[in-house]
Amino acid sequence: MNIFTTAFFFSIFRIATPILLATLAAVIGEKGGVSNIGLEGIMMMSALFGSLTAYWTGQWWVGVLCAMAVGCLEALMMGFFAFRLKTDIILTGTAVNMIGSGGTLFLVKVITNATEGKSFASTTGLITKIHQIPSWNIPLIKDIPVIGKVISGHSILTYIAFLLVWLTAVLLYKTPLGLNIRSVGENPNAASSVGVSVDKIRFITIGIGGVLAGLGGAYMSMYYAMGWSLDMVAGRGFIALAAQSMGGGEPLGSMFAALIFGFAQALGIKVSATGVDSNLVAPIPYIVTILALIVFALIQRSNEKRRHERALS
Amino acid sequence: MSKKNSLKFSIVRAVAALGIALAVAFLLIFVSADGATFGAKLSNSLSALQQMLVRPLFKKSGKFASKNFCDILAGMIPIMFTGLATCIMFAANQFNLGAEGGIMLGAFITAVVAIYCPLPGPLLPIVAILAGGLAVAIVMLIPSVLKAKLGVSEMVNSLMMNYVIMYILNFLMNSYLADRSKGITQTYAFRKNAILPQIIDNGSRFSWGWAIGIIAVIVCWFFMYRTRWGYGIRMTGINQPFVMYSGMNVPLIIILCQVIGGFLAGMGGGIEMLGRYEYYNWSALPGYGWTGITVAILAGNNPIFVPLAAFFMSYLTKGCSLMSTNANVPAQLIDIIQAVIFLFFAAQQFLSGYRQKLVIKSAQEELAAKAKASGERSDA
């Protein structure tokens, strides 16, 4: 059986999109010295509210905007605890993930009970084709054989995600704000000594991350799956952290790392279609994450060694 | 700050954090309560809150609810172990979140031993539980060695491993271990002598595992506060370069604390299995690992406070489940309450203004006492 069909490569991009969006959030966060492990919970929350608003208004784009706003709000709340009240950022993230897991289920039950008169445990019954984020057949490119079938016809958010890779790079390296973000991440004391408001920059950093994770959440509940269900993000927020460190913390490198995860998962889906127990296939992305982190650490280590040797000789 | 004021501050801060959490809980209950008018909603949510806070211990008639109380004590068992595991790992600043997968793996291994090993009498549960603990301790070598040797984030690795463990166990269940004569996926029954005896046999599953948990608490406290290695672990959390320059083996400490944590989590899983169930049927991560983190935060990473924190969390869980059956408020409210408590407890700057005032006050008291003492001396 031929695995590597155009549909397979198409699915890599489809699967990698939410990971890529979260990865960009992690990239900006780490550049600003904010390791946000709450991305998972933020994605869950924004996925929920995105799908609900899309259902209420009947407009997918309102849902996407709401998901972004919810993501940003939750990230800023994390920032309040982490930067103002000095809760450890990792514990703050863990709390957000707790809310993202059981808390979202509480919210969806309560909200649907109030609006629909019956409490649902997911929004899969509410979201239909009309609430889905539309996909885009790129003119001209869609007619190119093979390539057209792979890169055309994705959801709009997929294209936006790849555009955001470029925008993130521009933001970080070509704008004054990016310089501030990087300097706060590198050395907050130095940044503050030249008059940069460290807290303000950190809030902006985590807020942008929240918006990006919110987009990822919207993609999950309004395109990847139809509607929100419990634990649907399934560790993508954590995989994003791994992709960030694999990509060396740079937007472009992290994009390729996210694509590797997309590839691993797409491969898993293909393999499970041949009749292998899905429980053997499902852990593949997580195992790839661990292996990738090891390989990345080894490479980094040997680079460092070489640098030291060069410095000595 | 003087000891008295420092204690006063801790208490005020804890009460304030719990108060805020309860206020948030009340708000959410109010939103979700039935009732057409504001007044009806308010009275409904007040009765729901009462369900959550009072009903776990007292029946409607005002009598002591002994069955519920046993349920709460039984509910402490797994989270005491994950709480202890998290305490020891977090004390060394190792943010290993693997207690969640660890307790599942420990439960599974213990179950397998309890089904297939024909050991006599009380030897079987002991071997089974130790096997569960050992298996998780070995698995925890992966994130800890990678952290110590390569600097790979133990947090991301342990999180990933939770998922891997869950899926692999589900695969093993589906393919090899399931009892095909049953409608749902479950193993064969444990051997009769594997099952832990109950302290009070009233259906609460309040087993002697609870006593083992208390013993584990004492042993962990002794280890952390009265031994060289425990000191090393705590110091690594406070000031890692200091530990390194004073000649302790930091990589070994990093590995050690996570292996011990893994062992405790695995043991907890095994004890929960043999104390509560007759066969293994978990198909998803049980959530005890996350509650364990809250327990560790509430206990301030000090093992001796773990039973108290575990009791509190178990009480709230019971309260929330009672509330969901009697007052139509979803039981998952517990996750939100937990997160709020957690955030405020771990917040260093929470009530920092009040703390500052106390510091000034005790400094002034000290100065006054000194002045008085020196005044007396000059008089004499």
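**Exercise 1. Determine whether the radius of gyration of chain A agrees with that of a compact globule.**

Solution. The radius of gyration is taken over C-alpha atoms, and the globule rule is 2.2 Å times the number of residues to the power 0.38. For 313 residues, this rule gives a value near 20 Å. Chain A has 20 Å, which agrees. This is a predicted model, in which local features need pLDDT of at least 70 and side-chain atom pairs count only at pLDDT 80 or more, while totals for chains, interfaces and linings use all residues. Residues are numbered from 1 along each chain as its sequence is written, and chains are lettered from A and ligands numbered from 1 in the order in which they are written.

**Exercise 2. Describe chain A by its box, its secondary structure and its buried share.**

Solution. Along the principal axes, the C-alpha atoms of chain A fill a box of roughly 65 × 50 × 40 Å. Next, the secondary structure comprises 13 helices and two strands; helices (H or I, at least four residues) and strands (E, at least two) are DSSP runs, numbered from the N terminus. Finally, 51% of the 313 residues in chain A are buried. A residue is buried if 20 or more other C-beta atoms lie within 10 Å of its own, exposed if 12 or fewer, and partly exposed in between, with C-beta atoms placed from the backbone.

**Exercise 3. Compare the span of helix α2 of chain A with the expected span, and state how enclosed the helix is.**

Solution. Helix α2(A) covers residues 39–57, which are 19 residues. Of its 19 residues, 17 are buried, so α2(A) is largely enclosed by the rest of the structure. Just after the helix, Gly58(A) takes a positive phi of about 75°.

**Exercise 4. Locate Lys86(A) and Val146(A), and classify each as buried, partly exposed or exposed.**

Solution. Lys86(A) is in the loop between α3 (60–84) and α4 (89–115) of chain A. The phi of Lys86(A) is near 55°, a positive value in a residue other than glycine. With 15 other C-beta atoms within 10 Å, Lys86(A) is partly exposed. Val146(A) is in the loop between β1 (135–136) and α5 (147–151) of chain A, and its phi is positive, near 60°. Val146(A) has 10 other C-beta atoms within 10 Å and is therefore exposed.

**Exercise 5. Identify the residues with the most contacts inside the largest nonpolar core, and the helix of chain B that gives the most to this core.**

Solution. A nonpolar core is a set of buried Ala, Val, Leu, Ile, Met, Phe, Trp, Tyr and Cys residues joined through C-beta atoms within 7 Å. The largest has 217 residues, and Leu84(B) and Ile88(B) have the most contacts inside it. Helix α3 (residues 66–91) of chain B gives the most to this core, with 16 residues. Among the residues that Leu84(B) touches are Ala216(B), Leu264(B) and Val306(B); two residues are in contact if their C-beta atoms, placed from the backbone, lie within 7 Å.

**Exercise 6. Characterise the side of chain B that touches chain A.**

Solution. The contact takes 38 residues from chain B and 40 residues from chain A. The largest share of the chain B side, 13 residues, comes from α7(B).

Note on methods. Expected span 1.5 Å × (residues − 1). Lists of a residue's contacts leave out its neighbours within four places in sequence.
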